[in-house]
Amino acid sequence: LALLAMVSRGRLARTWPRREALPRFVLCAIVGHAVHIAAVMGGMSLSTAFSSSLVLMSGPLFTLVILAVLGAELRGQQIAGTLVACAGIGLFLSDKFTGGRITAGYGDLLLILAALCFSLYTVLAQRITKRYGPLIVLSYTLLFSAPPILLVSLPAFLQLDTAKLTPLVYVGMFWALVMSSFLGWMMWGWVNAVRGVARSAPFNYLMPPIAGVSAWLTLGEMFTWLKLLGAAITM
């Protein structure tokens, strides 16, 4: 909100959504932030990292299905590209399947719900992002989603021993909040408004290869030729 006030040059009140657009803002806040983030966090805590990456990549398929239901005209190239990328992700993670380390269960179900919610948010937010811009949409959807998120997470926060949090944890929280959750979501909204949801959705498939490289650098994850081939197909 402070950034929005600076950008609007003291005319913050003029950025408030119009009455006809307000329900869509609230719906985006609940679906895109409150439910989606809660499902992602819960799913990842119950599942494995590679299983999480795989299940969350069902999002672009949900997006294309939603667009088709709404009557959008999809090109064969978009559908084919998405399916090829999905196959690449499956190949990238196939050694986890063969190794028997993928744990299916409630965590994976929550991650499917998260992928669906993110796809719904992507489609719902496109119209208001074109009208209001990504900064206004993100600012107010975060504002509207904050009360239920704080209410649900307050008991766990009060039990947290902050003295045990290392500086690296705070660095990670800064990255997750400022770089990923704020700047990342704002760029995602802008890209969808400029390029269209159907054209941007398949780029979600870049996340597992990037996550794989990050895991290799930080967690010692080993790369096999199968993983490298899957990453190449996905890109």
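Guide: Gladly! Let us start with C28, which is buried, with a relative accessible area of 0%. Please keep in mind that this is a predicted model.

Visitor: Is C117 called buried or exposed, and why?

Guide: C117 has 8% relative accessibility, so it counts as buried; the cut-off is under 20%.

Visitor: And what is D108 called, buried or exposed?

Guide: D108 has a relative accessible area of 9%, which is why it is called buried. You will find D108 in helix α7, residues 106–132. D108 and L54 are 54 residues apart in sequence, and their C-alpha atoms are 9.5 Å apart in space.

Visitor: Why is M187 called exposed?

Guide: Exposed means over 50% relative accessible area. M187 reaches 53%, so it counts as exposed. M187 lies in helix α9, residues 167–195.

Visitor: Which nonpolar patch does M187 belong to?

Guide: M187 is part of a nonpolar surface patch that includes V169, Y170, F174 and W175, with about 960 Å² of accessible area together. Helix α9 has buried residues too: W185, M186, W188, G189, N192 and A193.

Visitor: How does the span of α9 compare with the expected one?

Guide: From its first C-alpha to its last, α9 reaches 39 Å with its 29 residues, close to the 42 Å expected at 1.5 Å a residue. There is also a kink of about 30 degrees in α9, centred on G184.

Visitor: What about α2: what span is expected there, and where is its kink centred?

Guide: Helix α2, residues 22–46, has 25 residues and reaches 35 Å, close to the expected 36 Å. Its kink of about 30 degrees is centred on H36. H36 is also one of the buried residues of α2, and C28, where we began, is among them.

Methods:
Residues are numbered from 1 along each chain as its sequence is written. This is a predicted model: local features need pLDDT of at least 70, side-chain atom pairs count only at pLDDT 80 or more; totals for chains, interfaces and linings use all residues. Side-chain values use heavy atoms; hydrogens and water are left out. Patches are made of residues with over 30% relative accessible area and no salt bridge: like charges are joined within 9 Å, nonpolar side chains (Val, Leu, Ile, Met, Phe, Trp, Tyr) within 5 Å. Accessible areas come from the Shrake-Rupley method with a 1.4 Å probe; for residues, only the protein chains shown count as cover. A salt bridge is a side-chain nitrogen of Lys or Arg within 4 Å of a carboxyl oxygen of Asp or Glu. Helices (H or I, at least four residues) and strands (E, at least two) are DSSP runs, numbered from the N terminus. Buried means under 20% relative accessible area, exposed over 50%, partly exposed in between (1.4 Å probe, protein chains only). The expected span of a helix is 1.5 Å times one less than its number of residues. The bend at a residue is the angle between axes fitted to the seven residues ending there and the seven starting there.
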